[in-house]
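Hi,

Here is the structure I said I would pass on. Have a look at it, and then read on for what turned up.

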Amino acid sequence: MELHRKVPNMDMNEILSVYEDFQRQSRGKNKLSKSDFVKVYKHAFHGKGGVKALAENIFTAFDTDCSGYVDFEEFLVGLSITEASLMDTDKETKLKKLQWAFNVYDKDRSGTIDRDEMRAIVRVGSFY
């Protein structure tokens, strides 16, 4: 129920479905390392070039406690914010989405996007 309060745009059945998928992908460890996270994205994008950099950036944004792993709660909240970007939302949610998008590319969590991070954005953008 606590997770449902953090992800109001998802119902309990969706949360349970995401949990089952996450447990399968994490092989029951309830967390994903960066390399495991990248493997999941590569599989989802059928190994297309450029997805590794994108997945690494998303991993960094999802790993809010900087533990080097994405646990289920971090994954669910990140996924919820990502999915919410596809819907009409209020000002607070839009600000959260903007902060999340910024965090995807602020790899060193300095609060700024430096030249190297900007170059990485351009390289990933060419993937699409």
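**What turned up**

Let me start with Arg 109, which counts as partly exposed because its relative accessibility is 35%; the scale here is buried for under 20% relative accessible area, exposed for over 50% and partly exposed in between, with a 1.4 Å probe and protein chains only. Arg 109 sits in the loop between H6 and helix H7 (115–125). Its phi is positive, about 55 degrees, although Arg 109 is not a glycine.

Before going further, some housekeeping. This is a predicted model, in which local features need pLDDT of at least 70 and side-chain atom pairs count only at pLDDT 80 or more, while totals for chains, interfaces and linings use all residues. Residues are numbered from 1 along each chain as its sequence is written, and side-chain values use heavy atoms, with hydrogens and water left out.

Now the overall layout. The protein chain has 7 helices and 2 strands, where helices (H or I, at least four residues) and strands (E, at least two) are DSSP runs numbered from the N terminus. Read from the N terminus on, the order is α-α-β-α-α-β-α-α-α. The chain has 128 residues, and 31% of them count as buried. Take the contacts (heavy atoms within 4.5 Å) with a separation of 6 or more: 50% of them join residues 24 or more positions apart.

Next, the inside. The largest nonpolar core has 23 residues; such a core is a set of buried Ala, Val, Leu, Ile, Met, Phe, Trp, Tyr and Cys residues joined through side-chain atoms within 4.5 Å. Phe 37, Ile 58, Phe 62, Phe 75 and Leu 76 have the most contacts inside this core. H2, H3, H4, H5 and H6 each give two or more residues to the core, and H4 gives the most, with 7 residues. Setting aside residues up to four places away in sequence, Leu 76 touches Leu 3, Val 7, Met 10, Ile 15 and Val 18. In H3, the buried residues are Asp 36, Phe 37, Val 38 and Tyr 41. After H3 comes His 46, with a positive phi near 55 degrees.

The largest pocket holds about 420 Å³ of space. For the record, the search runs on a 1 Å grid over the protein atoms alone, and a pocket is an open set of points where a 1.4 Å probe fits, with protein on both sides within 12 Å along at least five of seven lines; lining residues have an atom within 4 Å of a point. Grid points are joined across faces, edges and corners, and the volume is the space filled by probe spheres set on the points. The lining has 20 residues, with Tyr 41, Ile 58, Phe 62, Phe 75 and Leu 79 nearest the centre. Two or more lining residues come from each of helix H2 (12–25), helix H3 (34–44), helix H4 (51–62), helix H5 (72–84) and helix H6 (91–105). H2 provides the largest share, 5 residues. By class, the lining has 15 nonpolar, 2 polar and 3 charged residues; Ala, Val, Leu, Ile, Met, Phe, Trp, Tyr, Cys and Pro count as nonpolar, Asp, Glu, Lys and Arg as charged, and the others, Gly among them, as polar.

- Ser 26 lies in the loop between H2 and strand S1 (31–33). Ser 26 counts as buried because its relative accessibility is 1%. Its side chain reaches the backbone nitrogen of Asn 30 at 3.2 Å. Leaving aside neighbours within four places in sequence, Ser 26 is in contact with Lys 31 and Leu 32.
- Arg 27 is in the loop between H2 and S1, and counts as exposed because its relative accessibility is 56%. Phi of Arg 27 is positive, near 55 degrees.
- Thr 60, in helix H4, is at 12% relative accessibility and therefore counts as buried. Not counting residues up to four places away in sequence, Thr 60 touches Lys 34, Lys 107 and Arg 109.
- Phe 102 is found in helix H6, and at 28% relative accessibility Phe 102 counts as partly exposed. The C-alpha atoms of Phe 102 and Ala 61 are separated by 8.5 Å, with the two residues 41 apart along the chain.

Cheers

Conventions. A polar contact is a pair of N or O atoms within 3.5 Å; within protein, one must be able to donate a hydrogen and the other to accept it, and residues adjacent in sequence count only if both atoms are side-chain atoms.
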